[in-house]
Amino acid sequence: MKKTLTLLAFIAGCLLPGTVLAQDAIANDALYKAFGEKPGIALLMDDFVNRLIVDPRIGHMFKKTKPANLKEQLTDQVCLASGGPCKYEGNPMKAGHADLGITKADFNALVEVLQVSMDARGIPFRAQNQLLALLAPMHRDIITK
Amino acid sequence: MDIYLTPMKQKILNSAIAASLALAAGVAKADTGKLLLTGGVSTIEGAAGGGLTPWAVIGSNATDGELGASVHLTRAGTQDYALTGYGVAVGLYNRAEMSLARQDFDASPATALNGIAAFGVTPGQHIRMDVLGLKVRVAGDAVLNSDSLMPQVAVGLQYKTVDPGSIGSVLKFLGASTYGTDFYVSATKLFLAPGILVNATLRSTSANQNGLLGFGSKAPGRGSRGWQPEFSLAWLLSKNLAIGTEYRFKPNNLEALGASSGLGDALREDDWRDIFIAWAPNKNASLTVAWVDLGRVIPGITGGRKQTGWYLSGQFAF
């Protein structure tokens, strides 16, 4: 009996985040607003790219990239992902990363730099994770090695 | 499985631990790339996971294509017992994990067993156990597949040998073996948006109190292995701070044997649970503090008390 009760409690515990996951997936612009809409996202991406290109682990990967273009494309992408009224007109993710030999460690390093930037911009931890949850599945197109 | 493995010699384990530490030192300078706390902390049995339950994550900071290692030191104390543990885990390419852990269990109350029969248990007796662990990730990514409910899944085994010292006569009387192997499958999922980690593990084991009181029992106790579920639930409060709880079902192999000898529930074994806080001040270090409830542990010699107390574990990972 005790076993059954604990199992039930645990299953309830598992379903809870599932519900939260579903709620997060509902398209609305709450996250877009939490990031300060397009001007806030542009400031965040400015800070992010500035840190990225000097990062000792992955900075060298952006040598051939024009920082201004990257900032613009990332701003559109995050704006769109967070539920904002933007269009992404950059390269498709898969084609754009195919030849770069990016590892999971590189991808995680980029996530860490983004976390540092979001901290610097004072974005709450929960909003940070909501954005990361939207962006993380891109690892399938980005990690090639 | 057990019948094919002879009990491993202390010396072999010692040199294996020394070799692993050397490897850990060797990779310490490498720049490995797991996200903070996503390698779990060290369980008392050495595998990466929560404190009491292994997770499907591969220990150390190493992710795909990398080698890493972690070392841990753990101390736990309850009303009547205390446990010191230390060990090392090596992570291979985020695919496989090898771990070695040694536990030193202060079983001082066991001298009371001399009142039941002439067991010759010496005062201040400690029970030592070594755990050799192997874990392989078979599917999934617990962290990055945030658009899917698919967890990370791993299978593992833990080969345990116990040196009970003068308590050996008691284990012999109980018909409990001094070595055994646990097999388990774990599924771990981080719900990234809400920051909630869920783990479920199913373990096939015949261990009494995790193996510290041997494996199995003679009739009418239970001598065979059985499946035991284990659960962990953790909530990330910030990048480097998590709180959580665990529940580990355990076999109760010995109680029936005790009851048939007129000892009532003296040999009863209960489930384990804990509530923990894990803090990672940087990528290489984590500290876990927990309140543990181990239930009754040979209540016949501890006045029937439940064993609750604190748990402190430090880990360095590379």
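The sections below go from the basis of the model to the two chains in turn.

## Basis

This is a predicted model, in which local features need pLDDT of at least 70 and side-chain atom pairs count only at pLDDT 80 or more, while totals for chains, interfaces and linings use all residues. Residues are numbered from 1 along each chain as its sequence is written, and chains are lettered from A and ligands numbered from 1 in the order in which they are written.

## Chain content

Chain A has eight helices and zero strands, and its pattern along the sequence is α-α-α-α-α-α-α-α. Chain B has three helices and 14 strands. Helices (H or I, at least four residues) and strands (E, at least two) are DSSP runs, numbered from the N terminus.

Of the 145 residues in chain A, 28% are buried; in chain B the buried share is 53% of 318 residues. A residue is buried if 20 or more other C-beta atoms lie within 10 Å of its own, exposed if 12 or fewer, and partly exposed in between, with C-beta atoms placed from the backbone. Among contacts in chain A between residues at least 6 apart in sequence, 78% join residues at least 24 apart. For chain B, residues 24 or more positions apart account for 63% of the contacts with a separation of 6 or more. Two residues are in contact if their C-beta atoms, placed from the backbone, lie within 7 Å.

Helix H4 of chain A (residues 67-81) has 15 residues and spans 21 Å from its first C-alpha to its last, close to the 21 Å expected at 1.5 Å a residue. The expected span is 1.5 Å times one less than the number of residues in the helix. The buried residues of H4(A) are Lys71(A), Leu74(A), Thr75(A), Asp76(A), Gln77(A), Val78(A), Cys79(A) and Ala81(A). Their cover includes helix H2 (30-34), H3 and H7 of chain A. Just after H4(A), Gly83(A) has a positive phi of about 100°.

H6(A) has 17 residues and reaches 24 Å from first to last C-alpha, close to the 24 Å expected at 1.5 Å a residue. Its buried residues are Lys104(A), Ala105(A), Asp106(A), Phe107(A), Asn108(A), Ala109(A), Leu110(A), Val113(A), Leu114(A), Ser117(A) and Met118(A). These buried residues pack against H3, helix H7 (125-135) and helix H8 (139-142) of chain A.

## Packing of H3 on H6 in chain A

Helix H3 (residues 37-52) and helix H6 (residues 104-120) of chain A pack at an angle of about 135°, with their axes 9 Å apart. That angle makes H3(A) oblique to H6(A). Axes are lines fitted to C-alpha atoms, for helices over the stretch in contact, and angles run from 0 to 180 degrees between N-to-C directions. Angles under 35 degrees count as roughly parallel, over 145 as roughly antiparallel, 65 to 115 as roughly perpendicular and the rest as oblique.

H3(A) passes H6(A) in a right-handed crossing. From H3(A), the contact is made by Leu44(A), Asp47(A), Phe48(A), Arg51(A) and Leu52(A); from H6(A), by Leu110(A), Val113(A), Leu114(A), Val116(A), Ser117(A), Met118(A) and Ala120(A). The residues of this contact divide into nine nonpolar, one polar and two charged.

## Backbone details in chain B

The peptide bond from Ala219(B) to Pro220(B) is cis, with omega near 0°. Pro220(B) sits in the loop between strand E9 (196-205) and strand E10 (226-238) of chain B. Gln209(B) also lies in the loop between E9 and E10 of chain B. Although Gln209(B) is not a glycine, its phi is positive, at about 50°, and Gln209(B) is buried, with 22 other C-beta atoms within 10 Å.

Tyr93(B), likewise a residue other than glycine, has a positive phi near 60°. Tyr93(B) is in the loop between strand E4 (82-92) and strand E5 (96-106) of chain B. With 14 C-beta neighbours inside 10 Å, Tyr93(B) counts as partly exposed.

## Ile167 of chain B

Ile167(B) is in the loop between strand E7 (152-163) and helix H2 (168-174) of chain B. It is buried, with 25 other C-beta atoms within 10 Å. Leaving aside neighbours within four places in sequence, Ile167(B) is in contact with Ala107(B), Ala110(B), Val121(B), Gln125(B) and Ile127(B). Ile167(B) and Thr111(B) are 56 residues apart in sequence and 8.9 Å apart in space, C-alpha to C-alpha.

Conventions
A crossing is left-handed if the near helix is turned anticlockwise from the far one by less than a right angle, and right-handed if clockwise. Ala, Val, Leu, Ile, Met, Phe, Trp, Tyr, Cys and Pro count as nonpolar, Asp, Glu, Lys and Arg as charged, and the others, Gly among them, as polar.
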